[in-house]
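Hello,

Here is the structure I promised to pass on to you. Please have a look at it first, and then read my notes below.

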Amino acid sequence: MHQRPAFGQRTGGGVAVDFRFDPAFIEEAVFLALRQAEASGDRRTAAAFQRERSVVYACEETDARDTQFQQLASRYFKLLGLAALFTGRLEDLPTLQDRVEAIVVRRVWSRKEERVELYTSTATTLLIELQASRCLDRERLIAFLRHELMHVADMLDAAFAYDPHAPLGGSNEMEEDLARERFRVLWDFWVHGRMQRRGWPTLRDDTARRQEASRAFALLAPARRTALVERLIRQDHWTQQELLALAADERLTKTLGQGGVRCPLCHFPTQDGVRDWSGARAAVADAIRADYPSWHAGEGACGQCAELYR
């Protein structure tokens, strides 16, 4: 791991959070920001940086020169307002300053590699891995950081009662994955609602969030789904267990004949269950009963099983 310059941030008289920025992240962010400034007509800052950089090149001792390059980049990282994009978020969520000891910002190369992780085994440390190019769209970066740090604030809030190993309530891997995804959607929507109420630009617009919720909870009746979304937006306090309970779908545990969505034959959830076995489908029902003597037509079957037996 590279040695990282640290930027302490203190808000409201609290304990300073130790910000540690990867030198590679700092250098690339400064380079991109200066190039962006030049493109918009501000050439003085870039020219000043290049003059100072030329002086550093004159240093003959390699280690000293590398240190001076890092110090120069760090100074411009602050001067260009890039450091404040991160440190300023503690003013948005001041409870974090008493709960997080260090925030490490590290460069990655692609969107797929980006992540925000909280480590609490020893010191409470937050790792933020981002592309340096994120700094070019400052408003979106601020929205991203607020969104992610609000999740972290929830995780560290005793009232939310976060448990990284909380049971999801599924009876198999498929149900566990569905509950996990629905929990993510619910939690993201709750964060989205609180950001809206604070007047902050959100990471995604309201329409996109509602569409995401509609897809995740497609099995719910429209009126119930709308009520759930409105409650998420307006309610100030939730616990992890309450959100997990909402993420669970009791219909997944019931078969089609019981008012649920699970096929009684293959036991997979379905949205195109067959319940009418009249006409040509009567022979299909007879074929199913040959393999499943206890099955009756009122239990239904998924479209795929019906087609296989046809």
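Aspartate 92 is buried, with a relative accessible area of 15%; buried means under 20% relative accessible area, exposed over 50%, and partly exposed in between (1.4 Å probe, protein chains only). Please keep in mind that this is a predicted model, where local features need pLDDT of at least 70, side-chain atom pairs count only at pLDDT 80 or more, and totals for chains, interfaces and linings use all residues. Residues are numbered from 1 along each chain as its sequence is written, and side-chain values use heavy atoms, with hydrogens and water left out.

Back to aspartate 92: its side chain meets that of arginine 89 in a salt bridge (2.5 Å, N to O), the term standing for a side-chain nitrogen of Lys or Arg within 4 Å of a carboxyl oxygen of Asp or Glu. The two residues are three apart in helix H5 (residues 89–92), so about one helical turn separates them. Helices here are DSSP runs (H or I, at least four residues), numbered from the N terminus.

Aspartate 92 also forms a salt bridge with arginine 146, with 3.0 Å between the closest N and O atoms. Because aspartate 92 lies in helix H5 and arginine 146 in helix H6, this pair ties together parts that are 54 residues apart in sequence. Arginine 146 counts as buried too, at 13% relative accessibility.

From first C-alpha to last, H6 reaches 26 Å, close to the 26 Å expected at 1.5 Å a residue; the expected span is 1.5 Å times one less than the number of residues.

In the loop between H6 and H7 you will find alanine 161. Alanine 161 has a positive phi of about 55 degrees although it is not a glycine, and at 45% relative accessibility it counts as partly exposed. After H7 comes glycine 199, whose phi is also positive, near 80 degrees.

The structure holds 23 salt bridges in total. Another of them joins the side chains of arginine 75 and glutamate 52 (2.2 Å, N to O). Arginine 75 lies in helix H3 and glutamate 52 in helix H2 (residues 44–57), so the pair ties together parts 23 residues apart in sequence. Finally, Glu181, Arg184, Asp188, Arg204, Arg209 and Glu212 are linked in a network of salt bridges.

Best wishes
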